[in-house]
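Colleague: I would like to learn how to read strands, sheets and helix packing from a model of this kind. Could we go through it feature by feature?

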Amino acid sequence: MASYKKVTETIEGKTFSLETGKLAKQANGSIFAQLGETQVLATVVSAKDPVDDNFLPLTVNYQEKAFAAGKIPGGYFKREGRPTESETLISRLIDRPLRPLFPKGYNFNTQIIISVYSADDVNPPDVLAITAASAALTVSDVPFEGPLAGVRVVRVDNELICNPSYEEIEKADLNFIIAGSSDAIMMVEGGADIVPEDEVLSALMFGHDKIKEIINLQNQLVSDETIKREFAVKENDKALEEKIVQAVSTDLDEAIRVKLKQERSSKTNEVYQKAFNALSAADDFNEKEFKNIFDSLKKSSVRNMMFDDQIRIDGRAFDQIRPITTEIKLLPRAHGSAVFTRGETQALVACTLGSKEDQQRVDTLMGEDKRPFMLHYNFPPFSVGEVSFRLGTGRREIGHGELAKRAVEAILPEPEDFPYTIRIVSDILESNGSSSMATVCGSSLSLMDAGVPVKAPVAGIAMGLVKEGENSVILSDILGDEDHLGDMDFKVCGTSEGITALQMDIKIKGISKELFISAMTQAREGRLHILSEMAKTIEVKKDEISPYAPRITTIQIDPAKIKDIIGSGGKNIRKLTEDNDVKIDVDDTGRLNVISLNEENCKNALRDIAYIVREIEVDKFYVGTVKRILDFGAIVGLSPTLDGLIHISELAKERVKQVSDILNEGDEVLVKCISKERDGKIRLSRKAALDEDIDNYREI
């Protein structure tokens, strides 16, 4: 562990500080990072002995402490429990750019834990956590080919802002988290409100410039005491490697060219088993070593085929999209449904519409957050022909669902125009790459099938990259094997006009700006093709929402009348909902929603609400109910909160001796308002309304 050191720098008007050697000194590396009054502690510990396998056993855990924001956790136990979706997503954000920077062959169990210990209401801790994790690795003895840094870039009123406040994030039309080294961008995650590609690219380059400044700050932590541990990279048995090459080269070349996934997998397994059986009969060797050599040979064969033959695994051109079929209205009881199939990847997507009370409530460090839009992505094992008894939602499913949610959220109507809570569920029924992008496309179709007035259809495409030295090829609509064997997974979502979401991860140390631009351009061409295929099924929303969806009618009332709608102890609103079998929600601005599955019930509720909040005008006619009989007249209820007086002289055209000769309590009566006094008293006349038909005024 390094000795105490603290470095500080002002970047974009905000003070960063990184401190080591004071806290968590038994970890291999620790950093206490601060931005404003937001503080995180990042620690890294790596085991002393390697695992017997050819992979990096890295675990990243980001965790938020409720006390950091001066809060006590909810629930019975009053302590933090399993990771929230937000913590899981941020853990993935940290893991993805760090992983490629561990040296090849490093196979020691490594755990990075980042804890939020102070959270102000200005600076989000997520990007600070990325930088802190990198700095902890940088000062540790763990081999790491960094440092890297993370920043958030938003755009507010056409001005780019680095590491914005929560308030600025809320106002932004572009919001990206970027991680990178001094040389290149390594990870992008974020969304935009249909922003053109060139403007998105400018934002990413702006963020990379700020990343370089933060990396310079990390480099100041490195001292002569920072010595990286040495480790031995296990070399393959050259003799065994040569035997495997001779045994499989011809058969493997044929196997990787089989177009269908399951057939290709079966053929490849046959080649593997045939070579293993033949060689193991003559030689004694470790099967793990055999498998590692075989997998490496398979990867090289696929990549060489792309460079030498200029074709892909399934025979497509590099920019060619797999065949697409789409269908809507598959599920009669779902409010909207769609099946999107692209090659061997298929998503069944359902859309459900609900009311305000269906919104998701999420506890965060900043308080309770209400979310009117949810998208849940499910990846059952049968989609890849496997058996699994894992319960619950995995990190990958949460991450894919969040990406699709971000892509679709940008096209949703404003709540004022469409006051529904929306939930989308995407079940992946078949998968061979790009299932999250199939979810985006299927979600767009299901929303339009549900009658949601989206701003424009949205589609997604996953791009890949294979790079060897100066040679590189960019792949559109990648297969699962191309994702696994390639160097980049770049998901681009948007409408025909611009970007709504991006996610990029690379397995190499970075890509040039030119390659990035080429990938964005090729992705746009592919996205437009996919949108044109989707338009063959449905191009605009349906005219009506499903008959099984709730009807929500929105009206605006005087905020001063809210108390009349609610009534004493909620009496009025309870009666409205029970009598009409509806749900009613009203906010402080007087915006009132009536929710019902029955259109007639909705009309009745609106009539009753209009009755409660109506304003009485002079010279207008109203239907009221006699509440009390007095010696000099009658009190008539015009609404639950408004009464008026009919003087005995205004009861009839002839002289009336007793009020009870004309009216009794409970009688329905048509009256005309003849005056409204300054003190609010309302004077009514039955006499002036005798020539009118009461039925003409019952709905008012």
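Colleague: Is strand β3 enclosed or open to the outside, and why?

Modeller: Burial is judged residue by residue, where buried means under 20% relative accessible area, exposed over 50% and partly exposed in between, with a 1.4 Å probe and protein chains only. In strand β3 (residues 29–35) six of the seven residues are buried, so the strand is largely enclosed by the rest of the structure. Strands (E, at least two residues) and helices (H or I, at least four) are DSSP runs, numbered from the N terminus. Bear in mind that this is a predicted model, in which local features need pLDDT of at least 70 and side-chain atom pairs count only at pLDDT 80 or more, while totals for chains, interfaces and linings use all residues. Residues are numbered from 1 along each chain as its sequence is written, and side-chain values use heavy atoms, with hydrogens and water left out.

Colleague: Which strands pair with β3, and over how many bridges?

Modeller: Two strands pair if DSSP finds at least two bridges between them. Strand β2 (residues 14–20) pairs with β3 in the antiparallel sense over four bridges, and S17 stands opposite Q34 of β3. Strand β4 (residues 38–50) also runs antiparallel to β3, joined to it by seven bridges, with V40 of β4 as the bridge partner of A33. The hairpin of β3 and β4 has two residues between the strands, and in it G36 takes a positive phi near 65°.

Colleague: What is the strand order in the open sheet of three strands?

Modeller: The order is β22-β24-β23, with antiparallel pairing. β22 (551–556) and β23 (583–586) stand at the edges, each with a single partner strand, so one side of each is left without a neighbour in the sheet. Neighbouring strands of this sheet are turned by 20° against each other on average, direction ignored; axes here are lines fitted to C-alpha atoms, for helices over the stretch in contact, and angles run from 0 to 180 degrees between N-to-C directions. β23 pairs with β24 (residues 591–596) over four antiparallel bridges, and L592 of β24 is the bridge partner of V586. Helix α14 (residues 599–613) lies across β22, β23 and β24, at about 150° to β24.

Colleague: How should I read the packing of α5 and α7?

Modeller: Two packed helices are described by the angle between their axes and the distance between the axes. For α5 (residues 238–255) and α7 (residues 287–309), the axes come within 10 Å and cross at roughly 45°. The two helices are therefore oblique to each other, given that angles under 35 degrees count as roughly parallel, over 145 as roughly antiparallel, 65 to 115 as roughly perpendicular and the rest as oblique. Residues making the contact (heavy atoms within 4.5 Å) include I244 and V248 of α5 and F290 and F294 of α7.

Colleague: And what angle do α4 and α11 make?

Modeller: Helix α4 (residues 197–219) and helix α11 (residues 513–535) pack at about 150°, their axes being 11 Å apart, and that makes α4 roughly antiparallel to α11. Among the residues in contact are L201 and L204 of α4, together with F516 and M520 of α11.

Colleague: Lastly, where does R82 lie, and is R82 buried or exposed?

Modeller: R82 is in the loop between β5 (58–64) and α1 (85–98), and its 72% relative accessibility makes it count as exposed. The C-alpha atoms of R82 and Q63 are separated by 9.6 Å, the two residues being 19 residues apart along the chain.
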